[in-house]
Structures are given as C-alpha cells and as structure tokens.
Amino acid sequence: MMDCCFSLAIFCPERSLQERQKQHMARGLPKQKPIAGVKQVIVVASGKGGVGKSTTAVNLALGLTANDPSKTVGILDADVYGPSIPKLMSLKGNPELTDNNLMRPLMNFGIPCMSMGFLVEDVAPIVWRGLMVMSAIEKLLRQVDWGLLDYLVIDMPPGTGDVQLSITQNVPIAGAVIVSTPQDIALLDARRGAEMFRKVNVPVLGIVQNMSVFQCPKCNHQTHIFGADGARALADTLGVQVLGDIPLHLSIREMSDRGQPVVVSSPDSPEAEAYRKVATAVVQRLEELSG
C-alpha cells in the first residue's frame with residue numbers, strides 16, 4: 001500500500017499536493033452550527049459594492065412577509081465596515097440584553113434587525129483588523145435572541161473575503177441570492193461571488209438583475225443605462241435562474257433614503273411588485289432544493 005501511495009505521489013505530484021491541502025483545510029474548518037430559532041438562512045451577496053445589494057436584501061425580507069404574513073423574517077447586517085440596514089430600516093439605538101445576556105434585535109415593519117450600526121456611533125469609523133471583525137461576526141451570529149424565524153436574510157458585505165467565508169463555514173446556508181446590475185464590470189464580480197458560494201457548497205438560488213431599466217417619469221421611454229439582460233446571460237452561463245428584474249426607479253432610492261422601503265411604503269407600485277416576485281422566486285427555489 002505504501003508503495004502505491006509513494007508511486008502516486010511521484011507520478012501525480014500536483015494531485016497529491018491538492019489532496020493533502022484539501023485534507024488540511026477540512027481539518028481546520030469549524031463545524032457548522034444552526035442559529036438558534038432560525039429555520040433557514042438566506043444570504044444576499046454581490047461581488048462589488050454599489051449594485052443595490054442592501055436595498056434588495058431589505059425589500060426581499062419585507063417581500064417574504066408580504067407574500068405570506070404567517071412567515072417570520074429577520075435581517076442580519078453582516079457588513080461590519082459599512083452597515084446600511086439601520087438607515088434602510090429607519091432604526092436607531094442600542095439593543096437591549098435578555099436575562100441570558102443575548103442582544104434583542106431592533107424591530108421595524110415587523111422585521112427584527114441586527115447590525116453593527118446599532119453598536120457604534122453613526123459616524124464612527126470601524127478601523128478593525130481581521131480578527132476583530134471575525135469576533136464581531138461571531139457575536140452577531142451567536143449572541144442575538146432572534147426568537148423563532150422562518151427566514152433570516154443576511155446582508156453580506158461586498159466581495160469574497162473573510163466575512164463571507166466565516167459565515168458560510170459556521171452557519172448552514174439554505175441559499176445565496178446574487179445581486180448585480182447588467183453592467184459588464186459588475187457581472188464579472190457577480191460571477192466571482194457565485195463561484196465562491198459553489199466552492200463552499202452553498203446553493204446559488206439565482207441572480208437578481210438590479211437597475212435593469214430606467215423609465216422616464218415624463219414620457220415613459222425606457223433606457224437600459226447599465227446594459228440589457230447582462231445578468232440573464234450570466235445566469236445562463238452559471239446554470240442558475242434570474243430571480244427577477246428590479247427597475248432603476250426614483251421612488252426606490254427616495255424611499256430607501258427615508259428608511260421607508262418601497263415594499264411597505266408603496267405596496268401597490270410596480271417596484272414593490274418586482275421585489276415581491278423576487279421573494280416568490282426565492283421561496284420556490286428553496287422548496288425545490290429541500291424537496
């Protein structure tokens with residue numbers, strides 16, 4: 001047996017090295033542990049910033065409850081350096097502690113939320129090294145009293161770094177939603193994000209094509225500012241679905257800045273309907289994966 005292994009190492013040195021590296025990495029990975037009280041975790045991610053990921057995460061969470069009021073949904077803001085959820089959900093203040101020394105999420109629109117933004121001052125820069133960030137993420141994951149949730153939507157930071165890997169390695173993820181504009185440069189990074197989740201065995205539920213088209217409020221002429229159907233081409237390449245198209249609309253930006261997400265502030269609008277369709281597609285994909 002030793003002769004066979006020795007021969008394999010000689011004739012296939014690259015394969016042997018890869019196998020040893022894989023075994024070494026597997027030994028070092030933490031064991032995934034579910035978040036207490038949470039049935040399914042959905043991560044919303046993007047390869048780069050500025051594509052509307054946080055706005056999508058918030059309206060997805062609200063869309064899930066709008067489609068089925070019997071479902072309980074929470075939001076975890078995992079962007080330690082640039083938390084957006086407090087602004088988008090119009091929440092301020094520090095979380096209270098339970099008798100078990102767990103943080104109680106702040107709540108608005110019936111959605112419990114937790115964010116690093118609740119633990120630091122609004123304008124205070126978070127100048128932390130990697131280990132401090134990992135410690136903060138661990139606290140946000142394990143030291144929050146979520147109660148009972150059907151879905152926890154995690155707004156991931158942009159990119160494919162330590163935070164993304166730490167969350168996917170520590171928590172069982174039901175699926176990832178990738179947000180991108182149709183622009184080529186955004187799609188390149190979105191593909192990297194999707195491939196990262198596949199490498200860590202997280203199902204990619206699909207892609208949300210954000211800012212897909214701009215419709216002039218005066219003449220209703222439609223313009224594809226960031227290109228047309230780029231995310232659909234990427235979805236075909238990756239073999240995943242397009243979960244929905246979100247238009248580039250003034251009301252989405254205005255309501256987000258006011259902390260009044262469009263799904264609750266303008267529930268009958270086409271923009272809100274677009275987010276609810278995304279929520280419907282996400283639930284269908286989760287049911288397909290679990291079935």
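Start by selecting D155, which sits in strand β5, residues 149-155. Keep in mind as you look around that this is a predicted model. Is D155 buried or exposed? It counts as buried, because its relative accessibility is 0%, and the cut-off for buried is under 20%.

**Stop two: a helix crossing**

K53 takes you on to helix α3, residues 53-67. Colour α3 and helix α11 (residues 270-290): their axes come within 8 Å and cross at roughly 75°. Angles of 65 to 115 degrees count as roughly perpendicular, so α3 is roughly perpendicular to α11. To see the contact, select T55, T56, N59, L60, G63, L64, A66 and N67 on α3, then Y275, R276, V278, A279, T280, V282 and V283 on α11. By class, that makes eight nonpolar, six polar and one charged residues.

**Stop three: two positive phi values**

Most residues other than glycine have a negative phi. Go to F109, in the loop between β3 (106-108) and β4 (111-115). F109 is not a glycine, yet its phi is positive, at about 55°. F109 is partly exposed, with a relative accessible area of 27%.

Finish at N201, in the loop between α7 (184-199) and β7 (204-215). Phi is positive here too, near 60°, and N201 is exposed, with a relative accessible area of 69%.

Key:
Residues are numbered from 1 along each chain as its sequence is written. This is a predicted model: local features need pLDDT of at least 70, side-chain atom pairs count only at pLDDT 80 or more; totals for chains, interfaces and linings use all residues. Side-chain values use heavy atoms; hydrogens and water are left out. Helices (H or I, at least four residues) and strands (E, at least two) are DSSP runs, numbered from the N terminus. Buried means under 20% relative accessible area, exposed over 50%, partly exposed in between (1.4 Å probe, protein chains only). Axes are lines fitted to C-alpha atoms, for helices over the stretch in contact, and angles run from 0 to 180 degrees between N-to-C directions. Angles under 35 degrees count as roughly parallel, over 145 as roughly antiparallel, 65 to 115 as roughly perpendicular and the rest as oblique. Contact means heavy atoms within 4.5 Å. Ala, Val, Leu, Ile, Met, Phe, Trp, Tyr, Cys and Pro count as nonpolar, Asp, Glu, Lys and Arg as charged, and the others, Gly among them, as polar.
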